[in-house]
Amino acid sequence: MRWKMGSTLDLVQSSIKVYSHTFYLLSKNHVRILINVGLSKMRSRLQQFMKQFHPEGIPWPGSLLYNAVSSTEIFRQHYELVAHDVANYGKAECILDIGSGPGHLLIAMQKLLPETRLVGVDISSAMVAQARRNLEKCRQASQIEVRVADANALPFADEEFRCVVSTGSLHHWKDPIQALSEAHRVLKPGGYALIYDLVREMPNAVRKDIRDRFGSFRLGLLWLHSFEEPFLNAEEMETLGRMTDFMVVRTRFTGALCCLVLRKTIILTTNQTQMANQ
Ligand SMILES: C[S@@+](CC[C@H](N)C(=O)[O-])C[C@H]1O[C@@H](n2cnc3c(N)ncnc32)[C@H](O)[C@@H]1O
């Protein structure tokens with residue numbers, strides 16, 4: 001009987017030790033981690049839910065609203081940043097913009113690459129009509145063509161483009177692997193696909209840069225936006241790239257946009273490989 005009492009007391013004492021140790025572990029940092037994990041789970045559930053209602057293309061009057069929003073300074077500076085970034089990949093004779101929306105990136109690229117043939121496609125006819133109105137206002141834009149087309153079935157021949165670019169459209173695609181496979185098909189070997197999008201998680205340095213350049217209010221709006229839209233994070237973008245025939249070069253940031261850099265590898269024939277090895 002005495003032995004039983006003793007061992008029960010031991011058990012109670014060791015349980016108290018385990019509990020106090022657990023409370024010790026739940027210090028400030030652990031509580032913060034638990035809250036973050038909980039919030040990110042809630043966020044990802046919310047995004048999965050919202051994705052069902054998220055339209056793939058942006059119809060009218062969303063096209064008008066998006067045109068107004070994308071004419072603001074923060075967007076204008078991003079189109080310029082992306083255009084410079086694309087130009088750094090060499091002077092391609094032909095560039096395709098997938099999900100070109102109101103056409104602002106095409107106009108920014110035209111200013112930097114006046115010799116390049118620029119083509120934009122968008123699944124929304126209202127967006128294409130809006131892009132045509134914007135292009136008409138811009139006299140330099142005679143070499144730009146925009147048409148209604150789905151990223152999943154691009155109306156172009158194999159290996160027609162040197163470079164494929166896309167901004168803010170990836171998170172709308174219901175079948176991103178098919179869309180990237182189409183981008184791969186229409187690219188010449190050695191060509192790049194540069195897929196820019198906002199991401200769920202922004203590195204601190206990028207967040208600070210955006211705050212310094214555009215202020216806390218706009219940064220806050222971007223953060224709020226990322227709750228509703230089904231954005232990926234940089235790691236998920238790379239995973240997506242690895243599920244295609246592309247070589248994933250890397251992901252990196254251009255302003256607030258994360259860029260997934262993909263390259264269509266050059267496949268050498270047996271003869272070419274032998275010649276290269278000689
Ligand atoms: C947020 S807007 C971005 C527009 C433009 N690239 C920009 O940066 O201003 C996304 C665009 O992708 C288009 N889009 C969505 N899914 C598409 C698809 N499967 N094929 C082609 N365009 C698509 C939408 O209609 C919309 O115009």
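This report describes the sheet, selected helices, some local backbone features and the ligand shell of a predicted model.

## Basis of the description

Because the model is predicted, local features are reported at a pLDDT of at least 70 and side-chain atom pairs count only at pLDDT 80 or more, whereas totals for chains, interfaces and linings use all residues. Residue numbers run from 1 along each chain as its sequence is written.

Helices (H or I, at least four residues) and strands (E, at least two) are taken as DSSP runs and numbered from the N terminus.

## The sheet

Seven strands form an open sheet in the order β3-β2-β1-β4-β5-β7-β6, and their pairing is mixed; two strands are said to pair if DSSP finds at least two bridges between them. The edges are held by β3 (144–148) and β6 (247–254), each of which has a single partner strand, so one side of each is left without a neighbour in the sheet. On average, neighbouring strands of this sheet are turned by 20 degrees against each other, with direction ignored; the axes behind this value are lines fitted to C-alpha atoms (for helices over the stretch in contact), and angles run from 0 to 180 degrees between N-to-C directions.

Strands β2 and β3 pair in the parallel sense over five bridges, and L118 stands opposite I144 in β3. Parallel pairing also joins β4 and β5, here over six bridges, with C163 opposite Y192 in β5. By contrast, β6 and β7 (residues 257–263) pair in the antiparallel sense over seven bridges, and T251 has L260 in β7 as its bridge partner. The hairpin of β6 and β7 has two residues between the strands, and G255 takes a positive phi near 60 degrees in this hairpin.

## Strand β5 and P189

Strand β5 is mostly covered, since eight of its eleven residues are buried; a residue is buried if 20 or more other C-beta atoms lie within 10 Å of its own, exposed if 12 or fewer, and partly exposed in between, with C-beta atoms placed from the backbone. P189 is found in β5 (residues 187–197), yet P189 counts as exposed because it has 11 C-beta neighbours inside 10 Å. Although P189 and R263 are 74 residues apart in sequence, they are 8.2 Å apart in space, C-alpha to C-alpha.

Helix α6 (residues 125–137) has 13 residues and reaches 19 Å from its first C-alpha to its last, close to the expected 18 Å, where the expected span is 1.5 Å times one less than the number of residues. Its buried residues are M127, V128, Q130, A131, N134 and L135. Seen down the axis of α6, these buried residues fall within an arc of 160 degrees, so they line one face of the helix; the arc is that of the directions from the helix axis to the C-beta atoms. The face of α6 turned away from this buried side carries the exposed residues R133, E136 and K137. R133 is exposed because 11 other C-beta atoms lie within 10 Å, and its C-alpha atom is separated by 9.4 Å from that of G103, 30 residues apart along the chain.

In helix α9 (residues 234–242), the buried residues are A234, M237, L240 and G241. They cover an arc of only 115 degrees around the axis, which puts them on the same side of α9, while E235, T239 and R242 are exposed on the other side.

## Local backbone features

W60 and P61 are joined by a cis peptide bond with an omega of about 5 degrees, and P61 is found in the loop between α2 (28–53) and α3 (62–69).

E159, although not a glycine, has a positive phi of about 55 degrees. This residue is found in the loop between β3 and β4 (161–167), and E159 is partly exposed, with 13 other C-beta atoms within 10 Å.

## The ligand shell

Of the 24 residues around the ligand, G99, G101, A151, S169 and H172 come nearest; a residue is near a molecule or strand if its C-beta atom, placed from the backbone, lies within 6 Å of it. Both α5 (104–112) and β2 (117–122) supply at least two residues each to this shell.

The shell residues divide into nine nonpolar, twelve polar and three charged, where Ala, Val, Leu, Ile, Met, Phe, Trp, Tyr, Cys and Pro count as nonpolar, Asp, Glu, Lys and Arg as charged, and the others, Gly among them, as polar.
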